[in-house]
Amino acid sequence: MTLHPDRLLPPDPATRKLARELYHAVADLPIVSPHGHTDPRWWGENPRFSDPAQLFVTPDHYVTRMLTSQGVPFEAMGIGAGAETDPRAIWRLFARNFHLFRGTPSRLWIEHALESLFGVTERLSEATADRAYDAIAERLARPEFRPRELYDRFNIEVIATTDGALDDLAQHATLRGSDWSGRVVPTYRPDAVVDPEAPGFAAALDRLGEVTGCDTGSWEGYLAAHRARRAFFISMGTTASDHGHPTPRTADLPEAEARALFDRVRRGGASAANAELFRAQMLTEMARMSLEDGLVMQLHAGSSRGHSDAVRAAYGPDRGFDIPLPSSFTEALRPLLNAVGLDPRLSLILFTLDETTYARELAPLAGVWPCLRLGPPWWFHDSYEGMRRYREAVTETAGFYNTAGFNDDTRALCSIPARHDVARRVDSGFLAELVVTHRLDEDEAFEIAPLLAGDLARQAYRLG
Amino acid sequence: MTLHPDRLLPPDPATRKLARELYHAVADLPIVSPHGHTDPRWWGENPRFSDPAQLFVTPDHYVTRMLTSQGVPFEAMGIGAGAETDPRAIWRLFARNFHLFRGTPSRLWIEHALESLFGVTERLSEATADRAYDAIAERLARPEFRPRELYDRFNIEVIATTDGALDDLAQHATLRGSDWSGRVVPTYRPDAVVDPEAPGFAAALDRLGEVTGCDTGSWEGYLAAHRARRAFFISMGTTASDHGHPTPRTADLPEAEARALFDRVRRGGASAANAELFRAQMLTEMARMSLEDGLVMQLHAGSSRGHSDAVRAAYGPDRGFDIPLPSSFTEALRPLLNAVGLDPRLSLILFTLDETTYARELAPLAGVWPCLRLGPPWWFHDSYEGMRRYREAVTETAGFYNTAGFNDDTRALCSIPARHDVARRVDSGFLAELVVTHRLDEDEAFEIAPLLAGDLARQAYRLG
Amino acid sequence: MTLHPDRLLPPDPATRKLARELYHAVADLPIVSPHGHTDPRWWGENPRFSDPAQLFVTPDHYVTRMLTSQGVPFEAMGIGAGAETDPRAIWRLFARNFHLFRGTPSRLWIEHALESLFGVTERLSEATADRAYDAIAERLARPEFRPRELYDRFNIEVIATTDGALDDLAQHATLRGSDWSGRVVPTYRPDAVVDPEAPGFAAALDRLGEVTGCDTGSWEGYLAAHRARRAFFISMGTTASDHGHPTPRTADLPEAEARALFDRVRRGGASAANAELFRAQMLTEMARMSLEDGLVMQLHAGSSRGHSDAVRAAYGPDRGFDIPLPSSFTEALRPLLNAVGLDPRLSLILFTLDETTYARELAPLAGVWPCLRLGPPWWFHDSYEGMRRYREAVTETAGFYNTAGFNDDTRALCSIPARHDVARRVDSGFLAELVVTHRLDEDEAFEIAPLLAGDLARQAYRLG
């Protein structure tokens with residue numbers, strides 16, 4: 001391998017030359033990471049990573065899903081009862097199957113980390129597996145490969161974790177009390193106490209009542225409990241909430257109906273329709289709270305989680321069996337937007353797994369509603385082609401200034417620089433194409449590139 | 001700025017060279033504009049335009065929606081009660097925010113008009129706002145910048161307006177009685193007397209009865225009234241009707257059911273389902289009338305109008321809050337097509353805001369039903385990327401000859417040459433790519449380019 | 001014309017150079033054709049083709065639909081009662097309208113066959129029609145232009161036909177008994193005895209009972225009859241079943257419900273909902289049978305067949321009036337996948353006419369479920385742009401190894417080499433772009449190209 005300096009830049013020589021210049025102007029800017037899933041323990045306790053398999057294979061659902069698709073059992077990847085426990089065996093399995101990742105972003109992220117972080121420049125294969133393993137393992141033992149040191153090495157300016165409403169944020173407290181200067185902020189993700197279909201919903205609401213001292217048996221008390229938790233999160237640095245819903249549906253029920261709906265779902269056994277309506281109503285309630293407390297809202301909608309019952313039962317969630325659904329935002333967001341969408345205090349960042357909504361709905365919506373911003377390409381679309389499709393579909397209607405910069409959205413720490421690097425390269429290529437086709441002046445492209453690389457994220461997430 | 005002669009042409013040098021030659025072959029052809037929204041008063045009375053803000057900002061919903069999306073109040077754009085009345089102040093606001101339009105077609109259209117019509121070659125910004133304003137205002141005062149003179153200057157061969165069924169076409173009568181040689185034709189757009197959910201539907205039907213002398217209290221009389229208005233429009237030069245519906249649904253009810261449905265919607269308070277069914281039935285009725293009187297039908301389906309209740313109430317329609325919906329034509333058009341779709345007298349031109357229908361439905365439909373033609377990319381898709389996606393998605397299944405040429409579809413007079421120019425450039429680039437990849441011979445590309453630039457529109461709209 | 005050696009390769013010179021090398025590495029590999037609609041009689045009886053119109057025009061629904069779209073009557077193409085019977089007249093009509101195919105894959109396929117097979121290098125037109133006709137007719141009379149000789153000339157390694165469940169496979173028996181070495185395998189396509197809405201469903205089930213000796217009046221007997229027919233097909237070389245359904249819906253009903261559903265549809269007059277549910281259930285039953293007998297399953301879902309009632313009544317099916325529908329696989333496939341999707345014996349190849357499902361659903365599904373493979377771009381998407389969109393949308397999530405190679409899927413024998421050639425060229429261009437943008441190493445591209453050209457199809461269809 002050996003990372004090519006021009007990778008991901010457009011093939012046409014004149015376009016590539018300009019893209020390269022644009023990329024160089026932003027390549028070394030600090031990383032702003034306003035949405036992701038790194039483990040707060042890494043930042044609070046700064047532990048060493050145990051081994052290459054734990055770093056690159058076992059917890060990465062992009063990696064495990066591809067191996068699953070070709071018949072590799074979870075146990076061989078170190079997952080489930082009786083799983084393989086030898087990290088070198090897991091690593092060899094991965095290396096032997098590395099060809100499966102040809103043409104995928106995982107390949108780009110992994111090779112970027114292997115070379116830039118661990119000095120591994122041979123392509124992974126059965127033949128090179130052990131050499132790569134040893135090189136990584138050797139470095140992981142060094143103190144400069146602990147999370148906080150990597151934060152600095154990666155030139156991260158701020159990184160957000162994603163935390164349940166009931167989380168005590170103890171690791172965040174620890175790191176805020178430490179002398180480390182890194183900025184790690186929690187994100188308020190209340191799905192488990194908002195979704196009546198979440199496992200243990202009733203118990204979670206009981207616990208929410210205990211934690212806040214609010215009566216979560218009543219609609220008013222339940223809302224007050226959210227307000228209290230949001231305030232606590234804000235006191236710990238939080239600037240945004242995040243909501244992962246199966247659909248983007250919102251509702252704005254009259255108060256009596258909302259209360260009655262809460263009573264139904266609180267008792268348990270709510271119908272699917274009631275559960276959906278309650279989630280919908282809660283998005284609008286959360287937006288109303290945002291007007292008061294200033295949290296930016298994120299909505300990640302459209303995934304059918306746990307597509308295999310057997311896999312979920314045996315190996316748990318987040319094993320790659322989450323499959324996107326067709327989505328539509330136009331009518332779904334209408335209740336929330338009509339309730340609070342013209343209020344200048346609201347900021348709502350939208351994400352989709354259904355690319356058909358980019359040009360049809362999301363760009364037209366964000367191109368007129370002042371509260372809306374478009375999040376970057378999400379999950380399966382966080383890729384070279386995905387980013388190109390996003391810019392081509394979104395820009396002509398929403399422009400650049402209604403987009404929210406890049407998210408790495410990852411639990412794979414070592415992939416963070418690679419992911420931001422891919423985005424910066426693709427955006428540089430896109431801007432260069434606009435200039436070469438005379439849709440944008442060159443000085444404008446140089447002004448926009450750093451916006452896309454960090455400033456828009458800082459602004460959209462109020463991280464300034 | 002200064003318009004680059006190669007703008008919008010493909011970056012690859014060999015492709016660009018051929019694209020340039022194709023473009024030059026069509027660049028100066030007359031403009032055929034068979035669908036649009038210019039004000040008939042311009043053509044009847046030939047007034048001077050008042051000021052730069054009225055010409056470029058206040059009435060252009062592409063412009064105002066982008067400013068709205070970034071928090072600019074309507075009042076500052078000259079819209080609504082107590083609005084800003086100083087055109088220079090509105091212009092400055094626009095110029096200060098001109099960076100928002102980077103990467104959008106509005107940017108291309110505006111700069112094309114500024115430079116080619118008003119000699120403004122500095123990029124708009126706070127610093128250049130006043131110079132541009134003065135240059136435009138100075139020229140607007142000259143007689144050669146009145147609408148009829150611009151028509152000639154733009155080399156327009158024919159232009160269609162869009163007119164309600166109840167419109168008396170007085171301005172059209174005036175211009176037909178004048179010695180001006182321009183060809184301006186009305187279009188029959190009966191939505192207000194077809195859609196039971198349109199405001200004032202019952203009163204509009206009463207009025208339709210008065211105007212035509214038909215009994216619009218009965219189904220037969222109502223249809224007769226349409227026939228009468230269509231005949232009147234045809235006498236004024238009309239060659240096409242246009243239908244703006246939320247969905248492309250059609251119906252072909254037995255006569256007794258259609259009559260009963262009319263009775264229900266005529267009384268007012270029809271359910272949403274009945275309203276939708278009535279609109280669906282009326283599309284088929286209109287198609288039947290087309291067999292007799294020869295009007296080409298246009299169907300513009302798939303917009304959710306007035307997405308913000310508050311904006312609609314305070315500032316009226318067409319303020320940018322119209323958002324596309326998912327659409328599907330396959331089953332929706334079936335009743336109409338099975339009723340009259342094989343009749344050689346019918347011509348039905350389809351438009352969509354849902355690009356997923358291009359390759360999935362519209363190209364397969366237009367590629368077999370003899371009555372169908374595909375209209376050009378509409379609204380948010382009337383853009384460089386939008387046109388490229390259209391050609392790439394549509395051509396392989398429908399070919400070129402089942403498409404209907406270009407529409408500028410605009411109420412912004414000065415943008416007309418720019419819009420046609422964009423289409424001619426993108427089509428030239430697309431054709432050049434076909435030749436360079438040896439999917440088309442060069443002489444064929446030179447034969448197709450003028451078809452796309454005008455002939456197909458002339459034929460599809462029977463404007464020959 | 002004269003086929004250009006670089007046709008369909010990317011315009012950028014460096015990319016084209018590499019694409020050319022990749023193409024040359026696979027251009028002459030044998031053709032693996034695991035799904036198609038060639039006439040078994042061709043292989044069993046090896047007849048001469050009668051004339052150019054029968055070879056290129058009358059039976060090709062891509063060709064006839066385009067002519068229909070421009071008002072050409074079926075009769076003039078040789079279809080229907082009182083149709084034109086002079087093949088030269090039909091050919092002239094076709095040649096006169098050949099410009100309609102500009103920009104379509106039909107154009108590429110036809111010219112490839114005309115030149116490489118019949119030495120016709122003049123572009124078809126009214127002026128050249130007769131010369132081309134004579135050249136083709138002259139060669140068709142020669143023995144080396146009979147089907148088996150073309151099989152050898154085309155370097156076909158194996159070709160599958162598509163055969164109804166009730167078919168006696170007599171032609172297959174004949175050819176297996178002959179001394180010809182070609183490999184032609186039947187495919188089990190049981191739609192007519194699975195779809196309660198198929199014409200003659202009840203009679204077909206009676207016949208299925210007679211043929212198998214099973215009691216197709218009972219659910220158990222009906223399933224046993226399928227097993228028997230599958231076993232017969234397997235004895236004749238079959239490796240795959242194929243299922244053409246309006247939607248990809250599957251079901252996994254409790255046995256008693258499935259039996260009751262069968263009883264309802266067996267009696268006739270089942271509701272549309274019951275018919276859909278029965279088809280859904282049968283997909284899961286077929287998957288269960290595949291676990292036992294090893295047939296690979298293919299699912300071709302999403303076409304609305306016979307969009308014109310009048311055309312179907314007068315001219316029969318497959319006249320071009322089949323229009324795609326919006327599709328969604330995520331929830332639709334869930335029952336089948338949860339029933340048998342983790343069983344290593346299952347292989348299910350998915351096809352779609354709705355490209356929005358590529359990146360949103362199919363790639364995520366095939367990128368995790370071990371039983372799933374993605375079939376190539378189908379029908380309207382079997383084209384240059386269609387293949388590019390497929391690779392760009394699918395590869396980043398599913399990789400290359402979860403795709404199933406190419407299908408020509410045609411009843412037009414002479415188009416087979418052209419179709420495989422188009423796929424090999426587009427794939428070479430795509431791989432070259434990956435290399436030039438440094439997403440793939442050059443040696444890897446050379447390793448993948450032959451996989452896409454044949455090996456993946458051999459593996460996916462168990463034709464090794």
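**View 1. Polar contacts between chain B and chain C in the predicted model****.** The interface holds 31 residue pairs in polar contact, both partners at pLDDT 80 or more. On the chain B side, five helices each supply at least two of the residues that touch chain C: α15 (334-340), α16 (356-366), α17 (384-398), α18 (416-436) and α19 (442-460). The largest share, eight residues, comes from α16(B). By class, this side of chain B has 18 nonpolar, twelve polar and 13 charged residues.

**View 2. Salt bridges across the interface of chain B and chain C****.** Nine salt bridges are found here. One pairs Asp443(B) with Arg123(C). Their closest N and O atoms lie 2.7 Å apart.

**View 3. Area buried between chain B and chain C****.** The two chains bury about 3,700 Å² between them. Carbon and sulfur atoms account for 53% of that area. In chain B, the residues that lose the most area to chain C are Arg360(B), Glu396(B) and Arg439(B). Together they make up 19% of what the chain B side buries. The contact takes 43 residues from chain B and 51 residues from chain C.

**View 4. The axis relating chain B and chain C****.** A rotation of 120° superposes chain B on chain C, with 0.0 Å of shift along the axis and an RMSD of 0.0 Å. This is the relation of a three-fold axis. In chain B, the C-alpha nearest the axis belongs to Asp12(B), 3.6 Å from it. Only 5% of the interface residues of chain B are also interface residues in chain C, so the copies meet through different surfaces.

Definitions and conventions
Residues are numbered from 1 along each chain as its sequence is written. Chains are lettered from A and ligands numbered from 1 in the order in which they are written. This is a predicted model: local features need pLDDT of at least 70, side-chain atom pairs count only at pLDDT 80 or more; totals for chains, interfaces and linings use all residues. Side-chain values use heavy atoms; hydrogens and water are left out. Contact means heavy atoms within 4.5 Å. Buried area is the accessible area (1.4 Å probe) that two parts lose on being put together, summed over both. A salt bridge is a side-chain nitrogen of Lys or Arg within 4 Å of a carboxyl oxygen of Asp or Glu. A polar contact is a pair of N or O atoms within 3.5 Å; within protein, one must be able to donate a hydrogen and the other to accept it, and residues adjacent in sequence count only if both atoms are side-chain atoms. Helices (H or I, at least four residues) and strands (E, at least two) are DSSP runs, numbered from the N terminus. Ala, Val, Leu, Ile, Met, Phe, Trp, Tyr, Cys and Pro count as nonpolar, Asp, Glu, Lys and Arg as charged, and the others, Gly among them, as polar. Copies are superposed by least squares on the C-alpha atoms of residues with pLDDT of at least 70 in both.
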